[in-house]
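Student: I am new to this structure. Please take one part of it and walk me through that part closely.

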Amino acid sequence: MWNRKVFQAAILLGVFAVAGPVIVGSDAATKPAKTAKTTAKPTAKTTVKATVNTVIPITVSDTVPSELNPNGGGAPSATPEQAAAFAWQEFIALNWPTAPNSGREMSGGTNCPFGSAICNTPLVWETMRSKVETFPGNNKPPPGYVNQAPNYGYDAPPAYNYGNGVVDGPCNSAQANDSTPWINLDETDQITLDNMYSGAAPATATDGNSAPQLIRFLAKSNRVQYQYVTSNSNPNSEVTAWWNVIPASIDTATKAYLAANMKAPPPGSSTMISNSNGTLEAKAGWRELNPTEAASGRFHTQRVRFYEQGKSKYSVCWRDSTWGLVALHIIQKTPSAPYFIYATFEQADNILTASGQRVEDVNGNVVLPQQTATTPQVCMMDPVPNPPDTSQPTYPSVSGTVVMGNPSNCQGTQSGSPYCTNPGQQVYYQNAMGSPPNSEPDGGFICVNQRVNPITPDVIAENTAAHAAIMASLPSGGTTPFLYYKLVNVQYYPYDHVVPGNSSANNGWIYTPNPSQPASAQNPSAGSYYLANSVVETNRSLQQFSGGLSPNISTVWNADDTPHKNGYYGGHFYNMGGCMGCHGSQGQNPTTNPSGDFSVILSRGAVITPETPAPPTSNGVAAVARNRSLSK
């Protein structure tokens, strides 16, 4: 077992307390570089028996936890504080600098301390494979692939192979010989539903970026998923190579098993789709920084690759630049959570007023309350289908609509406040042109004023503990950008939101926790049930997603007026919300794509093209070539 130097700090006080003592401890270090590992064997500091309103200590360690609440019944029995601490342990270990000249995901250990730029190396999660590195679009094996267990060439340097003839090369010939960045931003929208922007970003590009305020995204997965895909692929047959598409026989067997057993197949199955335990995926949002932000020390920055229109309407070219990290999703499949545990983090300065004032502090406390969540305000209408359509009973209904108006008094009208014409420094978005057309307001920008569901006290307390632990680990006078990132919330158990059969046309179906009971796996907070990041899932259908998409708007109803479900676990079919519900509906239980076991990138397979910016129009964000599709 590797020895390591760790720094521990815990705020030993109730969730609702304001201040308290900080306890700091350390152990001696002996070993340098090593693989950032996972372990089901927790340290003493992570096995504290959690009680309601008890903050769990955070350890600055490069060990990725592989189980939540391992000695107390696993994820189903965990408290929100335990889940938040688990998320922070993932965040710290995955944001550890790698060892110089090492393989992917190899931690630099004490030679490359957390938050330090001493080694000048990418972070552990940054070296995980981009989705196109596991699922290339050129009908060939992944770059660096060798048909030899256990790693199958995983540690090859980054290379992004899309469809033949899609990528022209560098937009600027001066970058032709640049080394390939680890950060590959090949998504320009949020699962094709809308484009996100930050008004704090430069209005005019300095690096050839045609949309300098656009937030762009990537998706990555770790060695465990790569090994699962490659070990089940025949490199000599396109139709049986899982890196192209899940074979039809495997997909059929998986869906039959899910329907019969209402749970995922055994992890690591080769005859059905079920990711191995320890599978970890990351999604991240990046953007250009303005000069003040770049000099502030509040943003983690990295060299990125982004894509622009190429020589023809069917091709793209790439540019490399240094941008800032604004959001990071981490999901992991564990033995007690076959549905994955979902955690999302944000940079502290995402939600600003038009004049640049911060709406939240670094821990997530609201310090500048706003009158409405967005401008214009929008609301969801989702009545029971009437009359029901029984021709496709398992498909979501098309009764859901999103209109402008106050959610507490949704009247079914497009009247209301005008679009946000002067975002200033705010985050804002525009919905895509619906295909087929839908009612999402898409005629202009919608500005984000504050979260629909605030960060909860238990998460704020763990954010405070994590920041204290990080600060205690730094040398005297030291700092790190990761003091300015905060956990938004965690989903760690599916909750079945049973919708009343008499739901009206307003927000009557919105999930509300039982206020007489403490938050728990079986009584999640609204912020957990509707887990969403302010710069990743900003539009109305994603901020409070549950059920399915009809076709591009959230709905909790099937076409035959029964509740729509999206995830199987433990002999039950759940109507889950937020990230877990979306991953279930898009990965585990899709109707138009192969199964992916809550993994959308596994379900979608080969990545044919990177995405370029879609220009906003008066009728919504214009259509561009996408490398993803939506299922219901």
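Tutor: Start with Asn 101, which is exposed, with a relative accessible area of 87%. This is a predicted model, so every value here is computed from it. Asn 101 sits in the loop between helix H1 (80-94) and strand S7 (106-107). Its backbone stands out. Asn 101 is not a glycine, yet its phi is positive, at about 55°. Most residues other than glycine have a negative phi.

Look for Met 262 in the loop between helix H4 (248-261) and strand S13 (280-287). Met 262 is partly exposed, with a relative accessible area of 30%.

Now turn to a sheet. Four strands, in the order S11-S20-S21-S17, form an open sheet with antiparallel pairing. Strand S11 (194-198) and strand S17 (374-375) stand at its edges. Each has a single partner strand, so one side of each is left without a neighbour in the sheet.

Go inward to S20. Strand S20 (residues 427-431) is mostly covered, with 5 of its 5 residues buried. In a regular strand the side chains alternate between the two faces of the sheet. In S20, Val 427, Tyr 429 and Asn 431 point one way. Tyr 428 and Gln 430 point the other way. All of these residues are buried.

What does S20 pair with? On one hand there is S11: 5 bridges join S11 to S20, and the two run antiparallel. On the other there is strand S21 (residues 446-448), which pairs with S20 in the antiparallel sense over 2 bridges. Met 196 stands opposite Tyr 429. In S21, the bridge partner of Tyr 429 is Ile 446.

The peptide bond from Thr 375 to Pro 376 is cis, with omega near -5°. Pro 376 lies in the loop between S17 and strand S18 (378-381). Another cis peptide bond joins Ala 149 and Pro 150, where omega is about 5°. Pro 150 belongs to the loop between helix H2 (131-134) and strand S9 (167-170). Most peptide bonds are trans.

Technical notes
Residues numbered from 1 in each chain as written. Predicted model: local features only at pLDDT ≥ 70, side-chain atom pairs only at ≥ 80, totals over all residues. Heavy atoms only, no water. Pairing = 2+ DSSP bridges. Buried < 20%, exposed > 50% of the residue type's maximum accessible area, 1.4 Å probe, protein only.
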